[in-house]
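User: Hi! Could you walk me through this structure with me asking as we go?
Analyst: Happy to, let's have a look.

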Amino acid sequence: MIDYLLLNAYSVNSSGLYNGKAGISLCFFEIARFLQDEYIEEQAFELLQESLLTKNEDIGFENGLSGIGYVLLYLIKNQFIEADFEELFGNQQRKIEEYIENLKVRERDKDKFVRYNLKVIFFLDSLFSHNVKYRRVESLFPIFSDTACRLLEEYASTIDKKQKVCLKTEYVAFFEMYLKAAAVCQNFQCSSDMLDTYIRIFTQDQLVSNFIIGYYLENTATDKNHIWLKGVAEINRIFALKNLYPATMSLAQRIELLYLLRQDEDLYKEQIKLLEKDLFDSIPQSALERNLLSATGTDCFVAGYQSGIARFLLYWIYRNADKVKRKHIPFL
């Protein structure tokens, strides 16, 4: 799998995190540290340099500047590299900030941007945590939190009027990302009103159970001592796992779920075994490759961090690392 990445890394045109050089670079740095391999570390550094030098006008997280900036901050914070963030990424950082700042007076553009780019908050939060001198960033957080709440309210209102499956699917996906952002980012808070709205819609049997939502709701319920929320979180977790069919899940979905299940490995041994079947068993290499390609799907970048071999290898490291080293490996 590592050889496959090495062979394909330099033919990638994208510089971003999900489907480009920044994501593969992050993966290589983790592999190099885990295996104590200097050659892989050299390849990781070269790919990082290429991702920083490539011209990119997209400020998004998945394939744009925010994702590249997040990778750079992550590598500096976890001592994979010694670097001056301002020197390497200062111009790109200001471009991101100016674009978001301008959204304040462009309501329609702001709604569209946050709907599809909520993950940019991961970069902004990491940036602010890296150095508090980036005070300008602090004023950008409400743009994401306030707009996300308004979008969730619009989804809920529309669901009440129109029982369309596509609307519910969009709402669940956005609410899931909203909860994850609140869990990961210190400067992004989850609104109590949005939690109450979700409880109302869910208890009216308008939404299917979702383990990831249940996981993050459980943490939120514990922090807020919210009994109703705790109950909804438990129902989500229990019923989502009863309807677990790995064959219908993408590799990215399986790994994200495995990552959360391994937070409480003793409780979820059977589910972990089921999800890892055919990917981590002692099977011939050709069978493993076939299973991985099938799980990745034809519409995904096979080598990528989003849903390909890079993410698979990051989970392999996470699975085999001790609990201390596990804490920092990112699955965003």
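**A chat about the model**

Analyst: Thr-197 has a relative accessibility of 17%, so Thr-197 counts as buried. One thing to keep in mind is that this is a predicted model.

User: Thanks. Where does Thr-197 lie?
Analyst: Thr-197 is part of helix H11.

User: And what is Thr-197 in contact with, leaving aside neighbours within four places in sequence?
Analyst: With those neighbours set aside, Thr-197 is in contact with Ala-156 and Tyr-171. Tyr-171 also belongs to a cluster linked by ring pairs, along with Tyr-155, Phe-174, Phe-175, Tyr-178, Phe-188, Tyr-198 and Phe-202.

User: Nice, let's stay with the rings. How many aromatic pairs are there?
Analyst: The count comes to 27 aromatic pairs. Take Phe-175 and Tyr-178: their ring centres are 6.2 Å apart and their planes are at 25°, so this pair is stacked.

User: Why does 25° make the pair stacked?
Analyst: Because planes under 30 degrees apart count as stacked, and the planes of Phe-175 and Tyr-178 are at 25°.

User: How are Phe-175 and Tyr-178 placed in helix H10?
Analyst: They are three residues apart in helix H10, which means about one helical turn separates them.

User: Are those two buried or exposed?
Analyst: Phe-175 and Tyr-178 are both buried. Tyr-178 pairs with Phe-188 as well: the centres of these rings are 5.5 Å apart with planes at 75°, so that pair is edge-to-face.

User: What does the pair of Tyr-178 and Phe-188 tie together?
Analyst: Tyr-178 is in helix H10 while Phe-188 is in the loop between H10 and helix H11 (192-203), so the pair ties together parts that are 10 residues apart in sequence. Phe-188 is buried, as is Tyr-178.

User: Switching topic: which charged ends sit over rings?
Analyst: Lys-242 has its charged end over the ring of Phe-239, 5.1 Å from the ring centre. Arg-311 lies over the face of Tyr-305, with 4.6 Å to the ring centre.

User: What is the lining like by class?
Analyst: The lining of the largest pocket has 24 nonpolar, 12 polar and 10 charged residues.

User: And how many cavities of 30 Å³ or more does the structure hold?
Analyst: The structure holds one. The space in the largest cavity is about 30 Å³.

User: Which residues line the largest cavity?
Analyst: Ile-2, Ile-31, Phe-34, Leu-35, Leu-313, Trp-316 and Ile-317 line the largest cavity. By class, that lining has seven nonpolar residues, no polar ones and no charged ones. Helix H2 (21-35) and helix H17 (309-320) each supply at least two of its residues.

User: Last one: where is Gly-90 found, and is Gly-90 buried or exposed?
Analyst: Gly-90 is found in helix H5 (residues 85-102). At 1% relative accessibility, Gly-90 counts as buried. Its C-alpha atom is separated by 31 Å from that of Ile-309, 219 residues apart along the chain.

Note on methods. Residues numbered from 1 in each chain as written. Predicted model: local features only at pLDDT ≥ 70, side-chain atom pairs only at ≥ 80, totals over all residues. Heavy atoms only, no water. Nonpolar A, V, L, I, M, F, W, Y, C, P; charged D, E, K, R; others polar. Phe/Tyr/Trp six-rings, centres within 6.5 Å; stacked < 30°, edge-to-face > 60°. Helix = DSSP H or I, 4+ residues; strand = E, 2+ residues; numbered from the N terminus. Buried < 20%, exposed > 50% of the residue type's maximum accessible area, 1.4 Å probe, protein only. Lys NZ or Arg CZ within 6 Å of the ring centre and 35° of its normal. Contact = heavy atoms within 4.5 Å. 1 Å grid on protein atoms, 1.4 Å probe; cavity = no way out; pocket = protein on both sides within 12 Å on 5 of 7 lines; lining within 4 Å. Points joined across faces, edges and corners; volume = space filled by probe spheres on them.
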